[in-house]
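Good morning, and thank you for coming. Please look at the model now.

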Amino acid sequence: MSNDRGLQDAHVKIGTKQTMRIVELGRAEEVYVAEDADPRLTSKIIALCNQYGVKLTYVDTMDNLGKACGIEVGAAMAAIERDS
């Protein structure tokens, strides 16, 4: 990912439940999805992003997405929350 620093500096919600919640509340600016994550999880968030018009960005691996978010484990998805 080219903007690793940006994800760590932004207000990011990491993980499936938090990402889905932010999108459903209409507060997601952009969602990142790991390409190697379980399709049963990613298909739901992809559909939600399309429904709510949220920008979707793919990351090659869960490990890379986790690192970009500043955590030491992989992440299937993460959302940048809009400033209120």
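The buried residues of helix H3 pack against helix H2 (16-24) and strands S2 (28-34), S3 (55-59) and S4 (77-81). Here, contact means heavy atoms within 4.5 Å, and buried means under 20% relative accessible area, exposed over 50%, partly exposed in between, with a 1.4 Å probe and protein chains only. Helices (H or I, at least four residues) and strands (E, at least two) are DSSP runs, numbered from the N terminus.

This is a predicted model, in which local features need pLDDT of at least 70 and side-chain atom pairs count only at pLDDT 80 or more, while totals for chains, interfaces and linings use all residues. Residues are numbered from 1 along each chain as its sequence is written, and side-chain values use heavy atoms, with hydrogens and water left out.

Which residues of H3 are buried? They are Thr42, Ile45, Leu48 and Cys49. Seen down the axis of H3, the buried residues fall within an arc of 125 degrees, so they line one face of the helix; the arc is that of the directions from the helix axis to the C-beta atoms. On the other side of H3, Pro39, Arg40, Lys44, Asn50 and Gln51 are exposed.

Just after H3, glycine 53 takes a positive phi of about 70 degrees. Valine 54 touches Val23, Ala28, Glu29, Glu30, Val31 and Cys49, leaving aside residues up to four places away in sequence.
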